[in-house]
Amino acid sequence: MSHPESHLRRQRVIDALGEQKLDGFIVSALPNIRYLSGFTGSNALLLISFRGAVLFTDPRYATQAAEQADCEVRVPKNQLAQAAAGSIRRRRLKRIGFESARVPHADYERMKITLPAGARLVPVSGLVEKLRVVKDSSEIGLIRDSVRTCSKAYERVLKRIRPGMKELEIAAELDYQMRRLGADSSAFDTIVASGPRTALPHAEPSEKTINNNELLLIDMGARQRGYMSDMTRVTCLGKPSRRTRKLYQAVLEAQLAALDEVKENATADKIDRRARTVLAAHGLAGYFVHSTGHGLGLEIHESPRIGTGNHTRLQAGMVITIEPGVYMEGSGGVRIEDTVVVNTNGCEILTPTSKDLLVI
Ligand code: ZN
Ligand code: ZN
């Protein structure tokens, strides 16, 4: 399970430390630790400096850390922050970056009081996240597997959906099938909403039963070997009304138009605007209340946000979602979401699931 990439990734962190005149960097966010060392446990700190990297974890993970991490591993008897401070002292590091957006204040205080005299904690934000934005080919392979698991689980469960089932039951089936197909877990709490509840952009599945002539919205993703997928599909129980079909077609048109804009050097804002322009032409602009998409990888929401005012230019190797939606209180909502990889002259849609309005 050793990650040959981890060493190179840490070298890129060390280069970034030099630019910020830092001697060391304490990594606390678990996805960042995983990215930089290969370690997947739930409690660790990673100290990176010009003098090598050390992973600190507790005795539950001694064996796992030794197997997974491709750097020095310490399993201290005291707290991880105290042990890290000891290494900082021995290495005579003075300016130590820490992940200010990721560390609880209590942990920051603990790190601060255990540091040797003369050493200082310097807030740093987004350093590793920036490196993670562009995925390498091994990561894209893992996301591809995760997407496949998500879609396969969806197809299996869709065959069994009948009026009278509860939203919660369907969500449980989806989660179960994803795990059967190799997922570590779901990427986030699976969303299953039916009828008027589809108008809630982030509905929690409820005890409500699904009925004939209702829309059913499912937003789901797998987390597989750490990597996320994200997909939304809407189906109809029984024959959809003319109005429902028109709404669905408008959202699909917006999604396809946004996908058409995705390529290297396109700005996030431009992609978002394209989806909004299409919905505006259908008189639906006011019902699209969130961004068009987001990056994903080791976390379900990563940079770049594909939304208004974000002038970030896409780079080949970014993995993002495209997911416009329309939500009308009282009647219902439609969202269509795919996971895609940005290429030099377009994008590859990873999600294989059909986007025709399916009637069940
Ligand atoms: Zn989603
Ligand atoms: Zn999403």
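Is aspartate 230 buried or exposed, and what is its relative accessible area? Aspartate 230 is buried, with a relative accessible area of 4%; here buried means under 20% relative accessible area, exposed over 50%, and partly exposed in between, computed with a 1.4 Å probe on protein chains only. The structure is a predicted model, in which local features need pLDDT of at least 70 and side-chain atom pairs count only at pLDDT 80 or more, while totals for chains, interfaces and linings use all residues. Residues are numbered from 1 along each chain as its sequence is written, chains are lettered from A and ligands numbered from 1 in the order in which they are written, and side-chain values use heavy atoms, with hydrogens and water left out.

The zinc ion (ligand 1) and the zinc ion (ligand 2) are 3.2 Å apart, and aspartate 230 coordinates both. Donors are N, O and S atoms within 2.8 Å of the metal (3.2 Å for Na, K and Ca); water is not among the atoms, so sites may look incomplete.

Around the zinc ion (ligand 1), the coordinating atoms come from Asp219 (OD), Asp219 (OD), Asp230 (OD) and Glu337 (OE), at 2.1 to 2.6 Å. These four donor atoms subtend angles of 55 to 149°, which makes the arrangement irregular. Four donors count as tetrahedral if all angles lie between 85 and 135 degrees; four count as square planar and six as octahedral if opposite donors are over 155 degrees apart and all others between 65 and 115; anything else is irregular. Along the chain, the donor residues of the zinc ion (ligand 1) have the spacing D-x10-D-x106-E. Aspartate 219 lies in strand β9 (residues 214-220) and aspartate 230 in the loop between β11 and β12, 11 residues apart; helices (H or I, at least four residues) and strands (E, at least two) are DSSP runs, numbered from the N terminus. Aspartate 219 also counts as buried, at 4% relative accessibility.

Glutamate 323 is buried, as is aspartate 230.

Aromatic contacts come next. Two aromatic pairs are counted, where rings of Phe, Tyr and Trp (its six-membered ring) pair if their centres lie within 6.5 Å, and planes under 30 degrees apart count as stacked, over 60 as edge-to-face and the rest as tilted. One of them joins phenylalanine 39 and tyrosine 61, whose ring centres are 5.5 Å apart with planes at 85°, so the pair is edge-to-face. Both phenylalanine 39 and tyrosine 61 are buried. Charges meet rings as well: arginine 9 lies over the face of tyrosine 35, 4.0 Å from the ring centre, and the charged end of arginine 276 sits over phenylalanine 288, 4.1 Å from the centre of its ring. Such a placement requires NZ of Lys or CZ of Arg within 6 Å of the ring centre and within 35 degrees of the ring normal.

Finally, the cysteines. The count of disulfides, defined as pairs of cysteine sulfur atoms within 2.5 Å, is zero. The sulfur of cysteine 150 is 17 Å from the closest cysteine sulfur, in cysteine 347, too far for a bond. Cysteine 150 is buried, at 1% relative accessible area, whereas cysteine 347 is partly exposed, at 23%.
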